[in-house]
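User: I'm new to this one and would like to know where the descriptions come from. Can we go through it together?

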Amino acid sequence: LQGLSLLFRIILLGDSTVGKSSLLRRYTEGSFIPAPCPTVGVEFYSKMMELPPGIKVKLQLWDTAGQERFRSFYRNAVGVLLVFDMTNRKSFEHIIEWYHEVASIQIMEKVIFLLIGHKSDLKSDCKISTEEAEGLAASLGIGFIETSAKSNTNVDLAFETLTNTIYEALKNKEIDLFQWHSLDLNKSDITVPSCI
Ligand SMILES: Nc1nc2c(ncn2[C@@H]2O[C@H](COP(=O)(O)OP(=O)(O)OP(=O)(O)O)[C@@H](O)[C@H]2O)c(=O)[nH]1
Ligand SMILES: [Mg+2]
């Protein structure tokens, strides 16, 4: 894989207001807006990441609206951040539905998930303990990280962890490098396949 530039398509899923857009804005722009507008449809961000030893990865980050379902967008994703709000129990209970939603439509052999407990700055309002969230993650065989876009806690770590896990799966041939989610950008930066 050395010398290649990779493209990973990552999608953020979770209920409305859990903070998906805020997480992405913090990661890609370094800012936090206290009262952002709800996402309408689907928006995308991108960011370059370099993995040792010098492998460039372009992350194509898809932000969805929690109130809607954009099933066609799940299809090409290699990584999924399942986001809940640590102060909102319903959003935690719905994680399993979001997980199965991806599983039901996913045609990739393997998708890498990471569970995100967001708004960790609101410690006193937390309705879900770290242990309970870790229990869910373990039952799904995925990782768990607590983040805050407001206090900028673990935001970079979350994206780095997901990217590293995808890369490891690629190296172990659990994911096929030449499927459409990972293109050689030197040859075809623009030919990102349309997903509609
Ligand atoms: N305290 C705190 N509030 C946050 C954090 N992240 C987001 N919020 C707030 O939560 C609310 C919803 O944030 P959004 O990022 O719009 O949530 P979303 O998941 O994108 O919502 P939809 O686009 O409707 O699906 C906003 O008022 C944010 O300011 C955080 O880390 N801590
Ligand atoms: Mg949003």
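Analyst: Let's start just after α1, where Gly30 takes a positive phi of about 75°. Keep in mind that this is a predicted model.

User: Why is helix α1 called largely enclosed?

Analyst: A residue counts as buried if 20 or more other C-beta atoms lie within 10 Å of its own. In α1, that holds for Lys20, Ser21, Ser22, Leu23, Leu24, Arg26 and Tyr27. Seven of the ten residues in 20-29 are buried, so the helix is largely enclosed by the rest of the structure.

User: What makes α1 stand out around ligand 1?

Analyst: With three residues, α1 gives the most to the shell around that ligand. The shell has 22 residues, and the closest are Gly19, Ser21, Ser22, Thr39 and Gly66.

User: How do the residues of that shell divide into nonpolar, polar and charged?

Analyst: You get eight nonpolar, ten polar and four charged. Gly counts among the polar ones in this scheme.

User: How do you know which strands are the edges of the sheet?

Analyst: Look at the order first: the open sheet of six strands goes β2-β3-β1-β4-β5-β6, with mixed pairing. β2 (42-51) and β6 (143-147) each pair on one side only, and that makes them the edge strands. On average, neighbouring strands here are turned by 25° against each other, direction ignored.

User: What makes β4 and β5 a pair?

Analyst: Two strands pair if there are at least two bridges between them. β4 (residues 79-85) and β5 (residues 112-118) are joined by seven bridges, so they pass that cut-off, and they run parallel. For an example of who faces whom, Val80 stands opposite Phe113 in β5.

User: Where does helix α6 lie, and how does it run relative to β5?

Analyst: α6 (residues 155-171) lies across β1 (5-13), β2, β3 (55-64), β4, β5 and β6. Its angle to β5 is about 165°.

User: Which residues meet where α1 and α6 touch?

Analyst: Leu23, Arg26 and Tyr27 from α1 meet Val155, Asp156 and Phe159 from α6. The residues of this contact divide into four nonpolar, no polar and two charged.

Terms used: Residues numbered from 1 in each chain as written. Chains lettered and ligands numbered in written order. Predicted model: local features only at pLDDT ≥ 70, side-chain atom pairs only at ≥ 80, totals over all residues. Buried ≥ 20, exposed ≤ 12 C-beta atoms within 10 Å, placed from the backbone. Helix = DSSP H or I, 4+ residues; strand = E, 2+ residues; numbered from the N terminus. Near = placed C-beta within 6 Å. Axes fitted to C-alpha atoms, helices over the stretch in contact; angles between N-to-C directions. Contact = placed C-beta atoms within 7 Å.
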